[in-house]
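This report describes the architecture of one protein chain for a reader who has the sequence and coordinates at hand.

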Amino acid sequence: MVREMEDIAIKVDNVSKVYKLYERNRDRIKEAFGIGRGKVHYKEHYALKDVSMEVRQGETVGIIGTNGSGKSTILKIITGVLNQTEGDVRIHGRISALLELGAGFNMEFTGVENIYLNGTMTGFSEEEIHEKLDDILEFADIGEFVYQKVKTYSSGMFVRLAFAVAINIDPEILIVDEALSVGDVFFQNKCYRKFEDFKKQGKTILFVSHDLSSISKYCDRVILLEKGAKIGEGEPKEIIDMYKKVLVHQLDAQKEERAKQTTLPKKAQSSWKDQMVLNPDLDEYGNELAKFIDFCALDADGNISNSLIKGEACTIRVKVRFFDKIQDPIIAVSFKNRMGVEITGTNTMFEKMNTGTPGPGEVYIYHFKQNMDLQGGEYLISLGCVGYRDGEFTVYHRMYDLFSINVISSKDSVGYYDMNTEIIIEKVV
């Protein structure tokens with residue numbers, strides 16, 4: 001038992017964090033001064049509820065969950081930024097935390113002065129910081145600006161310096177909260193290389209991210225939080241699959257929904273789009289002689305999901321209702337990146353599909369099946385139903401940036417599209 005405890009870097013036992021939510025400021029004052037004869041003037045909100053977890057030395061453990069699930073709260077409690085309401089936290093090793101980058105910086109101090117200030121605040125001696133100074137300055141790479149007041153920095157220079165300080169202190173435990181995506185693409189690459197160096201050195205890493213590709217690639221084990229409670233823990237693929245169900249509210253109701261689908265008439269079944277996370281600022285137009293009435297993305301197992309695994313089969317499925325006789329309608333699907341650049345797409349005309357002449361009231365389903373060979377990341381899906389009517393190009397219905405898909409990847413190559421290259425090495429004597 002003692003040997004097992006020595007292997008544990010972070011131990012969280014039944015931790016809860018409760019916030020008091022007051023409807024009015026005067027209720028807060030009454031509570032502070034004990035006015036009201038014991039009457040409660042607030043509601044309790046559990047940011048975390050009875051959460052337990054262990055991280056062993058040398059492990060990389062990921063924490064995932066929807067917004068408000070408690071991910072950042074548990075990290076702040078582990079690092080001592082917040083105090084728990086109940087429970088116990090034990091740490092074995094020196095921590096460096098990449099939470100709110102630069103939170104301890106003094107804007108009137110120079111970059112170098114802030115390096116020493118931030119280092120001493122996290123428990124390092126001046127001599128230890130001095131030994132690491134050259135590494136920090138080289139990693140930040142902001143030149144002579146390190147001798148200027150931080151308030152003169154651009155936002156990019158600020159996060160580069162803050163990240164460089166946190167990552168180069170040489171901790172035994174590294175805690176990361178969505179901090180690997182700072183700066184430009186070259187600096188991000190440097191951050192990931194450093195992160196990989198930490199793994200190779202056997203450092204303990206606790207990693208929170210919405211980037212499921214990074215979670216899949218780097219983590220040995222993953223913990224899933226939802227509404228402040230731990231609802232899953234295990235291998236990355238297993239927990240990512242659970243998370244995909246949480247995103248579309250399928251996890252708890254999966255068996256119940258399957259039972260409904262076998263007993264209820266077809267019209268009572270839930271629509272596909274209701275199980276997707278949709279864009280609230282949808283841009284759509286057209287004369288609506290034909291209209292998309294349902295749509296979704298399907299993973300390799302046929303589950304409706306906004307998250308797809310790179311290299312596996314997937315389907316974009318759409319349902320169109322026609323309100324007039326339309327000859328050879330063209331149904332299109334396109335993929336954009338987050339900056340709005342169209343990456344790829346196709347339509348029934350490109351694929352030389354005969355779509356016939358649907359009539360009023362008829363409904364057709366179109367399945368766009370493909371292997372997901374895009375690099376890991378988020379993409380926006382747009383749909384279109386167009387054609388030629390009386391010789392004129394006509395838009396019946398277009399829906400731009402309808403929903404996003406998150407491509408989960410454990411291996412990315414250069415660019416947007418993976419060529420799936422097979423490399424053969426042959427030794428010639």
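## Strand β13 and its partners

Strand β13 (residues 313-322) is largely enclosed by the rest of the structure, because 8 of its 10 residues are buried. The model is a predicted one. β13 pairs with strand β11 (residues 290-298) in the antiparallel sense, over 8 bridges. An antiparallel arrangement also holds between β13 and strand β16 (residues 363-371), where 9 bridges join the two. Thr315 illustrates both pairings: Thr315 of β13 is the bridge partner of Leu298, and Lys369 in β16 is the bridge partner of Thr315. In general, the strands of a sheet pair through backbone hydrogen bonds, in either a parallel or an antiparallel manner.

| Strand pair | Sense | Bridges |
|---|---|---|
| β11 and β13 | antiparallel | 8 bridges |
| β13 and β16 | antiparallel | 9 bridges |
| β1 and β2 | antiparallel | 10 bridges |

## The sheet β2-β1-β4

Three strands form an open sheet in the order β2-β1-β4, with antiparallel pairing. Its edge strands are β2 (43-56) and β4 (86-91), each of which pairs on one side only. On average, neighbouring strands of this sheet are turned by 20 degrees against each other, direction ignored. Between β1 and β2 there are 10 bridges in the antiparallel sense; for Val12, the bridge partner in β2 is Met53. Helix α3 (residues 71-78) packs on the sheet and touches β1, β2 and β4, and its direction makes about 115 degrees with that of β1.

Lys17 is located in strand β1 (residues 8-21). The side chain deserves attention in terms of charge: Lys17 is buried yet has no salt bridge, and the nearest side chain of opposite charge, that of Glu86, is 11 Å away. Leaving aside residues up to four places away in sequence, Lys17 touches His45, Tyr46, Ala47, Leu48, Thr73, Ile77, Asn83, Gln84 and Thr85.

## Helix α4

In helix α4 (residues 111-121), the buried residues are Gly111, Val112, Asn114, Ile115, Asn118 and Gly119. They lie on the same side of α4, because they cover an arc of only 160 degrees around the axis. These buried residues pack against two further helices, α5 (126-140) and α6 (155-167). After α4 comes Gly123, which has a positive phi near 100 degrees.

## Val222 in strand β8

Val222 belongs to strand β8 (residues 221-226). With a relative accessible area of 0%, Val222 is buried. Val222 and Glu235 are 13 residues apart in sequence, and their C-alpha atoms are 6.2 Å apart in space. Not counting residues up to four places away in sequence, the contacts of Val222 are Gly62, Ile64, Ile215, Gly232, Glu233, Gly234, Pro236 and Ile239.

## The protein as a whole

The protein contains 10 helices and 18 strands. Of its 429 residues, 43% count as buried. Among contacts between residues at least 6 apart in sequence, 72% join residues that are at least 24 apart.

How values were computed
Residues are numbered from 1 along each chain as its sequence is written. This is a predicted model: local features need pLDDT of at least 70, side-chain atom pairs count only at pLDDT 80 or more; totals for chains, interfaces and linings use all residues. Side-chain values use heavy atoms; hydrogens and water are left out. Helices (H or I, at least four residues) and strands (E, at least two) are DSSP runs, numbered from the N terminus. Buried means under 20% relative accessible area, exposed over 50%, partly exposed in between (1.4 Å probe, protein chains only). Lys and Arg count as positive and Asp and Glu as negative; His and the chain ends are not counted. A salt bridge is a side-chain nitrogen of Lys or Arg within 4 Å of a carboxyl oxygen of Asp or Glu. Contact means heavy atoms within 4.5 Å. The arc is that of the directions from the helix axis to the C-beta atoms. Two strands pair if DSSP finds at least two bridges between them. Axes are lines fitted to C-alpha atoms, for helices over the stretch in contact, and angles run from 0 to 180 degrees between N-to-C directions.
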